[in-house]
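User: Could you take one part of this model and go through it closely? I would like the local detail first, and then how that part sits in its surroundings.

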Amino acid sequence: MNLKELAGIIDAEVISDVDLSEIDVPNAYACDLMSDVLAFCSPGSLLLTGLTNIQIVRTAQMLDLPAVVFVRGKIPLEETVSLAKENGIPVLLTKYSLYEVCGKLYAAGVKPSYVPQPREA
Amino acid sequence: MAAPVCLEYRIEGNNFMTAGTASNNIKNTLKMLGIQSEVCRRAAVIAYEAEINLVIHANGGILKAVISEDRLEITAKDEGPGIPDIEQAMTEGYTTASNQAREMGFGAGMGLPNIKRNSDLFEIESTPGEGTMLKSTVFFNK
């Protein structure tokens with residue numbers, strides 16, 4: 001599914017300078033713990049979270065995540081939005097809860113992020 | 001590749017606004033050098049977790065990346081409080097992070113285990129009261 005269709009499914013307000021229909025989103029990962037995102041979220045996954053600080057965008061940047069969705073009607077901090085814009089990472093805002101967003105996207109066919117296997121020590 | 005590429009950053013303690021900038025530079029440099037994306041991702045996670053640790057726990061420190069022909073070596077060195085029990089600190093879920101760090105989404109006790117998991121070689125040395133030295137190596141052709 002592309003990000004434009006996805007935004008429609010969750011009634012999202014979009015903050016982005018890039019064309020959402022060009023961005024393919026096969027997987028998503030929902031989490032408020034950035035360390036868990038860094039551990040378990042596969043590259044290319046959409047990040048769904050209720051945290052809105054600048055480190056969310058940093059985390060997305062580190063993992064090459066295509067976009068970030070802020071749930072529960074949270075309004076991101078200004079620095080969060082500007083870092084996202086600088087890096088061409090679209091930000092989606094939705095009033096739905098994390099659970100509702102997950103449900104809607106899962107029903108629409110967005111797959112879970114695969115969990116990278118722990119490496120041999 | 002000729003001489004190794006050496007990147008060194010002074011990381012400011014407790015500054016969550018700039019945290020991640022150095023790691024992003026390291027990641028972008030690797031990409032520019034044409035290093036495969038899976039390796040870049042692992043390197044980014046290692047650098048970022050190490051950088052966040054310097055910000056959260058150590059009142060800052062030095063983050064260094066040396067990129068040579070076959071490997072990347074990331075070193076994080078600080079003069080922070082040190083880690084009394086490294087084995088405990090390496091346990092998933094164990095954390096001593098502040099509330100501020102937790103509110104930012106960190107302090108889940110995953111940082112050091114994440115670094116180790118993504119490293120090919122991992123070393124950590126710490127002396128309470130003196131500081132911590134973490135070294136992680138990622139090979140490019142593995």
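Analyst: **H2 and H5 of chain B**

H2(B) and H5(B) pack with their axes 9 Å apart, at an angle of about 150°. That angle makes the two helices roughly antiparallel (over 145 degrees; under 35 counts as roughly parallel, 65 to 115 as roughly perpendicular and the rest as oblique). The angles run from 0 to 180 degrees between N-to-C directions, and the axes are lines fitted to C-alpha atoms, for helices over the stretch in contact. Helices (H or I, at least four residues) and strands (E, at least two) are DSSP runs, numbered from the N terminus.

Before going on, please keep in mind that this is a predicted model, in which local features need pLDDT of at least 70 and side-chain atom pairs count only at pLDDT 80 or more, while totals for chains, interfaces and linings use all residues. Residues are numbered from 1 along each chain as its sequence is written, with chains lettered from A and ligands numbered from 1 in the order in which they are written.

Back to the pair: H2(B) passes H5(B) in a left-handed crossing (the near helix is turned anticlockwise from the far one by less than a right angle; clockwise would be right-handed). On the H2(B) side, the contact is made by B:Arg42, B:Val45, B:Ile46, B:Glu49, B:Ala50, B:Ile52 and B:Asn53. H5(B) answers with B:Gly111, B:Asn114, B:Ile115 and B:Asn118. Contact here puts the C-beta atoms, placed from the backbone, within 7 Å of each other. These residues divide into 5 nonpolar, 4 polar and 2 charged; Ala, Val, Leu, Ile, Met, Phe, Trp, Tyr, Cys and Pro count as nonpolar, Asp, Glu, Lys and Arg as charged, and the others, Gly among them, as polar.

H5(B) spans residues 111–118 and is mostly covered, with 7 of its 8 residues buried (20 or more other C-beta atoms within 10 Å of a residue's own; exposed is 12 or fewer, partly exposed in between). The buried set is B:Gly111, B:Leu112, B:Asn114, B:Ile115, B:Lys116, B:Arg117 and B:Asn118.

E3(B) is worth a moment of its own. Its covered face carries B:Leu72, B:Ile74, B:Ala76 and B:Asp78, and its uncovered face B:Arg71, B:Glu73, B:Thr75 and B:Lys77. A hairpin of 3 connecting residues joins E2(B) to E3(B), and 6 bridges hold this antiparallel pair, with B:Ala65 opposite B:Ile74. E3(B) also pairs with E5(B) in the antiparallel sense over 8 bridges; there, B:Glu73 has B:Thr137 as its bridge partner. E5(B), residues 131–139, in turn runs antiparallel to E4(B) over 7 bridges, where B:Met133 stands opposite B:Glu125.

Between H2 and E2 of chain B lies a loop that holds B:Asn59. This residue has a positive phi of about 55° although it is not a glycine. B:Asn59 counts as partly exposed because it has 16 C-beta neighbours inside 10 Å.

Finally, the contact between the chains takes 21 residues from chain A and 20 residues from chain B. On the chain A side, H2 and H3 (54–62) each supply at least two residues. H3(A) gives the largest share, 6 residues. By class, that side has 11 nonpolar, 4 polar and 6 charged residues.

Definitions and conventions. Pairing = 2+ DSSP bridges. Contact = placed C-beta atoms within 7 Å.
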